Amino acid sequence: MNYTKKDFNPNLASDPDAGIYGLPFGEKESKLVFLPVPWEATTSYGGGTVDGPSAILTASAQLDLFDLELTNPYEPGMFMREESKTVRKWNTDAKKLSKKIIDVGGNIGKSKPLKEALAKVNDYSEKVNAYVYEQSAEIMKNSKILALVGGDHACPLGAFKAAGEKYGDFGILHFDAHSDTRDAYEGFKYSHASIMRNALDEVPQIKKLTQVGIRDFCQEEFDYVAKQGARASVFYDATLQRRKFQGENWSEISKEIVATLPKQVWISFDIDGLDPRFCPHTGTPVPGGQEFAEAIYLIREVAISGRKIIGFDLCEVSPGAKQDDSEWDANVGMRLLYKLAIWTLYSQGLVKRKQTA
């Protein structure tokens, strides 16, 4: 970097040698650490999320750090680790294998080559889960707040496990167009379409799953979530939109959503939970969903309710094909990531609200 923390002026353009959001912090002096995970081997429709973390990092230089409601929310420090070349290599190798399976809709039958390919992809997925767990546990051990940046939505399982060991019981606030509770979708045990099922099945410390904006799901997923009883609450997009059409305001609805959550919360945000005009290149866009401002308002409500946001992930940001030369998805993604970060810092008492806000 060409300047020190002491020299930093948030009103100036980002130094080209600075870190995420143009900030001058190293990992040691940062309270919040972003872990990029370039993995999307089980993505079943569109791709490109493997480049989401790097695209967000590049786009983040355009952010103005000032916030109307929070005082200098960047001061506790934010740092993004370098992405793992090993994980990216695993992704390249696994995608070549998974494509063969996805091309037949997971119907591998008795094909020995396809069975071997599936087994290898599942093995790579377990390696990624172990990597994410180890990195997450290390970050948390050093008293840092973990923020995972995917990649597809299969990425954060290891982070959930590490969070459970560090913090004990917690709930997940899950923004998504999809339920993500399929059982080994297309044969992939750790599919992006199975993350919340795997989380509930493998992380006993998750005492509550609250899903928001769900609008594309199958009967199996509907039944699975229903069987969870009080452990899961789903605010389906169709119901939310109808309530708004009938005159209910988002403030009251948000308070109702927050009321379902325990004192400790992890926020898991698949960007396709937003209206797809905010994320047109994401892997599986679905009409409907949250306005950007609605999502931020709900995140804010969690923080000001007195709940502690123990960590979060943002997944499925895809910058699109390189020939599109479009930064829109990454631009939206990095702004959403910043809001997640600063309200998380606030929830942990590391940032103050302005008295006039």
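Modeller: Glu221 lies in helix α6, which spans residues 219–227; helices are DSSP runs of H or I with at least four residues, strands are E runs of at least two, and both are numbered from the N terminus. The model is predicted, so local features need pLDDT of at least 70 and side-chain atom pairs count only at pLDDT 80 or more, while totals for chains, interfaces and linings use all residues. Residues are numbered from 1 along each chain as its sequence is written, and side-chain values use heavy atoms, with hydrogens and water left out.

Colleague: Is Glu221 buried or exposed?

Modeller: Glu221 is buried, at a relative accessible area of 3%. Buried means under 20%, exposed over 50%, and partly exposed in between, with a 1.4 Å probe and protein chains only.

Colleague: Which residues does Glu221 touch?

Modeller: Leaving out residues up to four places away in sequence, Glu221 touches Ser179, Asp180, Thr181, Arg182 and Ala193; contact means heavy atoms within 4.5 Å.

Colleague: Turning to charges, how many salt bridges are found in the whole structure?

Modeller: The search finds 22, each a side-chain nitrogen of Lys or Arg within 4 Å of a carboxyl oxygen of Asp or Glu. Glu27 and Arg81 form one of them, with the closest N and O atoms 2.8 Å apart. Glu27 is in the segment before β1 (32–37) and Arg81 in the loop between β2 (78–80) and α2 (85–102), 54 residues apart.

Colleague: Which residues are linked in a network of salt bridges?

Modeller: Glu69, Lys255, Arg300, Glu301 and Arg353 are linked in this way.
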